[in-house]
Amino acid sequence: MQYTAEIGQSFLPEAIAEIYTQTAGQPFLVNRLAAIATEEVATDRSEPITRAQIQRARDQLVRESNYNFETLQRHASEYKEEVLRILFGGIYPFTRNSPVVKTLAMYGIISETPEGNCQVANPIYERVLIDHFTPFEIGLSADILVNGHDFRPYAVDGALQMVMILSHFRQFVERRGREAFKVTEMPQEATGQYLLSAYLDILMRQVGSETFVEVPSGPGRLDLIVVYQGQRYVVETKIWRGRAEFDKGLQQLADYLETEDVQEGYFVVFHARPNVYGKLPDDQLEFTQTLTGKTIHVYLVRIGEFVE
């Protein structure tokens with residue numbers, strides 16, 4: 001409101017809500033995000049700033065280097081294993097009687113969920129930490145995967161063949177499971193999310209995608225949104241945490257598709273726990289189901305111990 005009073009350019013309510021969603025009110029992030037939005041993205045002072053423009057500013061912010069991010073990364077690296085597990089779905093009670101929780105909260109790395117558990121403090125920090133901890137070798141593996149197929153059939157008549165794209169990805173991971181996942185000390189499921197994200201990023205650049213967005217969306221979840229020829233493709237990834245969490249993830253994706261007015265979505269689930277999930281016949285690793293009128297294509301990606 002101070003900015004609007006001084007300059008005359010307003011923020012739509014949706015833009016203000018998006019700023020808070022992305023930053024959780026962290027002062028540096030609020031100011032830096034707004035600076036990018038007003039100085040580099042929404043430069044027409046006669047037009048109000050929109051949610052989409054805030055998202056563009058956010059995509060630019062998470063790729064820059066600054067003192068705040070460097071401090072975040074340095075402190076998070078001291079507790080790498082704990083931070084990674086919180087990032088990718090680990091459930092830890094938020095109690096300051098735990099030295100690790102107390103320290104991570106003091107540095108502003110984590111906050112408390114409504115259920116009383118630990119979470120990374122905001123989506124921007126999630127993205128910055130994911131990029132910081134992603135092994136360089138993951139990008140190389142993704143490049144091998146993309147170049148291992150003729151990518152031209154992936155885009156036909158102005159539409160991405162996402163079913164084919166994700167099916168090839170699942171088969172690649174299963175064929176090269178141990179090799180693909182031994183490049184990092186991180187949880188194997190987290191590495192799977194990294195690999196899919198890098199794979200889609202490289203592939204989308206090959207086919208000339210308009211945008212590719214990664215949206216951390218909750219413990220163990222990551223949304224990947226591709227826009228190609230004006231059509232949106234929503235891919236949600238999740239780490240296997242049991243049948244109840246799987247069903248919850250399906251419903252969350254269906255609800256998101258409803259919000260975005262998209263009829264079809266893709267649900268990629270990584271799991272490396274055969275003692276919990278059990279081995280499945282090959283014909284059950286990919287299937288399609290309808291939920292609240294939305295079509296969801298499901299890919300169960302077995303990694304690590306699943307691979308023969």
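Predicted model: local features only at pLDDT ≥ 70, side-chain atom pairs only at ≥ 80, totals over all residues.
Helix α3 buries Leu29, Leu33, Ala34, Ala35, Ile36, Ala37, Thr38 and Val41. Among contacts between residues at least 6 apart in sequence, 65% join residues at least 24 apart.

**Helix α3**

- The cover over the buried residues of α3 includes α1 (2-7), α2 (13-23), α4, α5 and α8.
- Helix α3 has 15 residues, and the distance from its first C-alpha to its last is 20 Å. This value is close to the 21 Å expected at 1.5 Å a residue.
- At the start of α3, the backbone nitrogen of Phe28 has a side-chain oxygen of Gln26 within 2.9 Å.

**Helix α5**

- The buried residues of α5 are Asn68, Phe69, Thr71, Leu72, Gln73, His75 and Ala76. They pack against α3 (27-41), α4 (51-61), α6 (80-87) and α8.
- The N-terminal end of α5 is capped by Asn66, which places a side-chain oxygen 3.1 Å from the backbone nitrogen of Asn68.
- The 12 residues of α5 should span 16 Å at 1.5 Å a residue, and the end C-alpha atoms are 17 Å apart, which agrees.
- His75 belongs to helix α5. His75 counts as buried because its relative accessibility is 12%, and a residue is buried when its relative accessible area is under 20%.
- Leaving aside residues up to four places away in sequence, His75 touches Tyr107 and Ile109.

**The packing of α5 with α8**

- Helix α5 (residues 67-78) packs with helix α8 (residues 123-133) at an angle of about 65 degrees. The axes of these two helices are 10 Å apart.
- The crossing of α5 and α8 is right-handed.
- From α5, the contact is made by Asn68, Phe69, Leu72, Gln73, Ala76 and Ser77. From α8, Ile124, Tyr125, Val128, Leu129, His132 and Phe133 take part.
- The residues of this contact between α5 and α8 comprise eight nonpolar, four polar and no charged.

**Lys294 in strand β10**

- Lys294 is part of strand β10 (residues 294-302).
- Is Lys294 buried or exposed? Lys294 counts as buried because its relative accessibility is 3%, and the cut-off for a buried residue is under 20%.
- A polar atom of the Lys294 side chain lies 3.3 Å from the backbone oxygen of Val262.
- Not counting residues up to four places away in sequence, Lys294 touches Ala254, Leu257, Glu258, Val262, Gln263 and Gln289.

**Positive phi values in two loops**

- Asp157 is a residue other than glycine with a positive phi, near 55 degrees. Asp157 lies in the loop between β3 (155-156) and β4 (159-160).
- With a relative accessible area of 79%, Asp157 is exposed, because exposed means over 50%.
- Thr292 is not a glycine either, and its phi is positive at about 45 degrees. The place of Thr292 is the loop between β9 (286-291) and β10.
- Thr292 counts as exposed at 54% relative accessibility.

**The loop between α14 and β9**

- Leu285 is located in the loop between α14 (274-277) and β9. At 1% relative accessibility, Leu285 counts as buried.
- Where does the chain bring Leu285 in relation to Ser167? The two residues are 118 residues apart in sequence, and their C-alpha atoms are 9.6 Å apart in space.
- Gln284 is also found in the loop between α14 and β9. Gln284 is partly exposed, with a relative accessible area of 38%, a value that falls between the cut-offs of 20% and 50%.
- Gln284 and Leu300 are separated by 16 residues in sequence and by 8.2 Å in space, C-alpha to C-alpha.

Definitions and conventions:
Residues numbered from 1 in each chain as written. Heavy atoms only, no water. Axes fitted to C-alpha atoms, helices over the stretch in contact; angles between N-to-C directions. Helix = DSSP H or I, 4+ residues; strand = E, 2+ residues; numbered from the N terminus. Left-handed = near helix turned anticlockwise from the far one by under 90°. Contact = heavy atoms within 4.5 Å. Nonpolar A, V, L, I, M, F, W, Y, C, P; charged D, E, K, R; others polar. Buried < 20%, exposed > 50% of the residue type's maximum accessible area, 1.4 Å probe, protein only. Polar contact = N/O pair within 3.5 Å; in protein donor to acceptor, adjacent residues only side chain to side chain. Expected span 1.5 Å × (residues − 1).
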